[in-house]
Amino acid sequence: MNKATLTLLLILTTSFFTNCHATWSIIAVDRQTGQIGVVGASCTFDVSGIASIVPGKGAVVVQAASDYFARMKGVELMYNGTSLNEILLAMKDAKFRPEKQQIGLILLDATSKPVVYSGFDIAAWSGEAIGSDFAVMGNILTDQTVISNAYKAFNENRDKPFAERLMLALKAGEESGGDKRCEKQYARSAFIMIYQPKHDAILKLAVQGIKKGGKRAVTLLNKQFKACTLK
């Protein structure tokens, strides 16, 4: 592994990041194994600060303007067993500038379908696609095929391991054009993180800080993922 650009971490906490303008991400759960996962990529220096996993509960993503305090409110409420609709309502408080945020929430609870809120002031192209156990969302994308192809890649590979399906979805987003600010580079940073009940830990692999016009972050992440699969 290239330690200059990649880190593999066992973590139980989240990092403090603000104003991380993200582009496309996928949140998902495996209700049979208890795994919870998030992947994301962006034409920014480091996209990994958009997401938090609440072990045993679910995941929270706040992208576009990516308000840290909105995300932490979501984490707090999710940890306390609050419903997704109530969590979203709290995260849409005016102090969090909700119209500049794109919020994604998911629970392990089989009775809860993921929810996504896309504020009116986020940049085009933006949108989301929601399944029963995952959701794809993005903004500042080349077009809607980034979302639709990522959705298809995750949903149609259910015979594959959970983490691999997430990487396939992220890679499909890159191959569909990714972040329009990055042109043919598609993204400068990317990450995957998975909560593994058997370790009771969050495993995280990330690529960040690639210069504009340099190598493709998702391609680099995918290569390292294959060499160091988060099983």
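Strand 5 (residues 58–64) and strand 6 (residues 101–107) run antiparallel and are joined by seven bridges; strands are DSSP runs of E of at least two residues, and helices runs of H or I of at least four, numbered from the N terminus. Within this pairing, G58 has L107 of strand 6 as its bridge partner. The model is predicted: local features need pLDDT of at least 70, side-chain atom pairs count only at pLDDT 80 or more, and totals for chains, interfaces and linings use all residues. Residues are numbered from 1 along each chain as its sequence is written, and side-chain values use heavy atoms, with hydrogens and water left out.

The two strands belong to an open, antiparallel sheet of four strands in the order 4-5-6-7, where pairing requires at least two DSSP bridges between two strands. Strand 4 (51–54) and strand 7 (115–118) each have a single partner strand, so one side of each edge strand lacks a neighbour in the sheet. On average, neighbouring strands are turned by 10° against each other, direction ignored.

Axes are lines fitted to C-alpha atoms, for helices over the stretch in contact, and angles run from 0 to 180 degrees between N-to-C directions.

| Helix | Strands | Angle |
|---|---|---|
| Helix 1 (residues 68–79) | touches strand 4, strand 5 and strand 6 | about 165° with strand 5 |
| Helix 2 (residues 84–91) | lies across strand 5, strand 6 and strand 7 | about 155° to strand 6 |

Elsewhere, E183 lies in the loop between helix 4 (162–175) and strand 10 (189–196). E183 counts as exposed because its relative accessibility is 62%, the cut-offs being over 50% for exposed, under 20% for buried and partly exposed in between (1.4 Å probe, protein chains only).

How values were computed:
Contact = heavy atoms within 4.5 Å.
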